[in-house]
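Hi,

Here is the model I promised to pass on.

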Amino acid sequence: MTASNKVVNILVVGIGGQGVMTASEILSEAAISQGYDVKKTEVAGMSQRGGVVSSHVRFGPRVLSPEIAPGEADILVGFEAAEAMRWCHYLRPEGVAMVNRLNLEPPVVSLGLYPYPADPVGEIRKQGVRLHDFDAGAIARELGDLRLVNTIMMGAIADALPFPAETLKERIVERFRARKPALAETNARAFDLGRAAAH
Amino acid sequence: MNPNLLQPPAAGSRLLMSGNEAVARAVWDAGTRVAAAYPGTPATEILEYLSLYPDLYAEWSVNEKVSLEVAIGASLAGARGFCAMKHVGLNVAADALMTQTLAGVVGGLVIAVADDVGFSSSQNEQDSRYWGRFAHLPVLEPADSQEAYEMTRAAFALSEQYNTPVLLRLTTRVCHVKCLVSVGERQVVRAADQFTKDPGRWVMVPANAKRHVPEMLARDKALAAAVETSPLNRLEAGSNPRLGFVTSGPAYMHVREAFPDAPVLKLGFSHPVPLGLVRQLADQVEALVVVEETEPLMETEIKAAGIAAHGKDILPAAGELPPHILRRGLAALLGQQPVAADVGQRPALEVFPRPPTMCVACPHLGVYYTLSQLRNVNISGDIGCYTLGAGHPWNALDTCISMGASMGIALGLDKGRGPGDENKKVVAVIGDSTFLHMGMQGLLDIAYNRGNVTVLLLDNRAVGMTGGQENPGSGRDIYGQPAPRVDFAKLVEALGIDKERIHMVDPYQLPVLFKTLREETKRPGPSVIITDRPCVLIDHYQKQQPYEVDEAACTGCGNCVEVGCPAIHVTRRDKAIKPSGKEVELAFVKIETAACTGCDLCVQTCAPKAIRHAVPTFPVSIN
Ligand SMILES: Cc1ncc(C[n+]2csc(CCOP(=O)(O)OP(=O)(O)O)c2C)c(N)n1
Ligand code: SF4
Ligand code: SF4
């Protein structure tokens, strides 16, 4: 173990436009509200245009480097199955992955240049990763808005965090109250459904 | 007046801020009057944030050189001036910089330059700290947002104290990392109430400029003394004297994380290198290691001073230096085996790449579909979203080097053509913002020297690549307020292109675009085809009713796939034998109706008319 022992490392991954950065921003705010030092960093070259987005959130008594090294993530939040597979080697041996079962094919796959993995979740499991997968999109569709996927994913990891799940929920609801009050209630429900789906 | 102005959080607030946000706040807190920039990742957001602050003038400049000149002018007027750019921007601005360093400043003059260490979205990875050496300037290198805030403020003070422009060197890992920042009290500082005419100082003819060289060299000496005692530099004690580190910028955080017990010389004011402090550290430790991103600048200078040090002999000379890379490099020096955590616990799994794509319905799609249908063309390209035309499925862009280069390169391809290219046409593709940044001069050169080049000027009313910022072609300023809009047709005509060879074409009208392009490439001499539909990410864009594919009617010809719209997905592939006996590949498709904005491009490529309007069934959003 390294000196970053007491720092919690969460890697949130997905595709541009899925809300990965918003999710990690909310996680960071929740951690700050608990008195932690936080660093959050992204590699999102041209995320706007459907590229890979990976966002690192680190919190603890004092955080130095913003980057999570391969093999050091405590939690991997995968907004898309193949992306979770791409990043799963970032997990610690005992780390956990929370994966949205969604498969989003990029044009290079559509064009037949590369195959989409037949069973990305299975591939991750084969690596001995502790993993929970579910269809966040289905829940979002039931609630009537696909943008809820990121709140659902936050709900799903809430019980794996070192602070109360309610803290994270409050941050999300407050954020919506401030920006889009009409959506606060639905997001609270999405959070609860995500939380339930993780058990 | 800008309606979006921010109520800046009070002094003393602790805020979660990116490095870019922190720099912006500090520029405002430093009482800066004028701030200018041309967009460029990772620095773009600095000016976006600054445009939200009151009592400060912010602008999008047409290029980085102009942004620096605007900041210089503000400094001469007695105000604090600031400009921000990505690393390659300073190459463009360098001409002004190299002489302004002789003239000095009145109001503080700070240049933020953001290096894209790790190539997240740039054409090279150059180390801008070289400019500090080349131009005899102090270089400050913050390690995180809090330091970005403090050092930006310190930079203005240093600038005025030492009569010098100051380089604030950022990297992607400072610009885009968020952490908690305590912000201070705003102080409005003005060095002078008016511009003082002083030709000996501001008119850089040889006789005047020459007289400033001794001043600049004296300033070098003063700065070399200042770095030894600057509060931005500190020698941190450590309990393990085996290794001592000299480090700057975000690499400091990585060093502290990887080697918590080591003595560290942390340099925030990193040029000139404080050799006295380095010697002090060297005397305490068994081996000295210089950790810097990316080139061995401090290392070379330290070694030249006769101090033994390791650096790029054991560490990568490109890319970032995160803790696991450092530990791996240092393990060899210490004769240790790298630990599992530093080489990863599990293997990385093989997954398809996910390169960025053009947006659904992007007006560039029509252009590249058309270019991909043309035979015998060499296509000189430029930088912007349209660079993606080099990729699948279009493969219709053959060069890309630097902003505006498509023009000159096209002319050179024409003038230098050999027998193998005798029948080839030369086409150049350039975006509106890139054209205004550095392309106009190249087109003037094509016109003046009568090149056989067909220029496609893609006017999408935005700087698409960096997020849709305003520019002189968009008709709005940084505050979103109406501004004079360049008339591209008139501009191009004024540069010397024959009026009859200038065409405005709707890029969604494939037959018209194809015909115009084919006819123009057949004729000798220069011509310009301007496409005139907006980027889909800006508010000028209007969505139309979406489409779907009638599966029964789709013959699998795959033509629509060649458009390259990300809303079109192949559902099934097959092979068929034509009556001629030739085997053809079939690709059956569906359209993701929720994402389709009804631009009509794919419809025009579908012979059996299998693409038809869809009735939306479900409230979905397109992000
Ligand atoms: C010297 C320099 N400055 C800035 C950039 C960043 N940059 C890349 S492309 C681009 C502009 C693209 O705008 P435009 O030409 O209008 O094309 P679009 O992306 O809208 O298609 C910018 C600002 C750069 N690569 N080089
Ligand atoms: S951002 Fe605008 S210009 Fe760039 S790909 Fe998207 S629509 Fe096209
Ligand atoms: S009409 Fe065709 S090309 Fe245009 S957005 Fe829809 S699917 Fe894409």
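Let me start with two domains of chain B: between domain 3 and domain 4 of chain B there are zero salt bridges (a salt bridge being a side-chain nitrogen of Lys or Arg within 4 Å of a carboxyl oxygen of Asp or Glu). Three residue pairs there are in polar contact, both at pLDDT 80 or more (a pair of N or O atoms within 3.5 Å; within protein, one must be able to donate a hydrogen and the other to accept it, and residues adjacent in sequence count only if both atoms are side-chain atoms).

Before the rest, some housekeeping. This is a predicted model, where local features need pLDDT of at least 70, side-chain atom pairs count only at pLDDT 80 or more, and totals for chains, interfaces and linings use all residues. Residues are numbered from 1 along each chain as its sequence is written, chains are lettered from A and ligands numbered from 1 in the order in which they are written, and side-chain values use heavy atoms, with hydrogens and water left out.

Back to chain B. Domain 3 covers 363–531 and domain 4 covers 547–612, with bounds from an automatic or database domain assignment. Their C-alpha centres are 29 Å apart, and 10 residues of domain 3 of chain B contact 10 of domain 4 of chain B (heavy atoms within 4.5 Å). Together the two domains bury about 840 Å², 66% of it on carbon and sulfur atoms (accessible area, 1.4 Å probe, that two parts lose on being put together, summed over both). Leu365(B), Tyr369(B) and Tyr508(B) supply 58% of what domain 3 of chain B buries against domain 4 of chain B, more than any other three residues.

Now the chain interface. Chain A brings 65 residues to the contact and chain B 56, with about 5,200 Å² buried, 61% of it from carbon and sulfur atoms. Seven salt bridges cross between chains A and B; Glu83(A) and Arg354(B) form a salt bridge at 2.6 Å, N to O. The interface also has 19 residue pairs in polar contact, both at pLDDT 80 or more.

Finally, ligand 2. Residues from both chain A and chain B surround ligand 2, so the site is shared between chains. Around ligand 2 are Arg49(A) and, from chain B, residues including Cys359(B), Cys362(B), His364(B), Cys385(B) and Cys535(B) (a heavy atom within 4 Å).

Cheers
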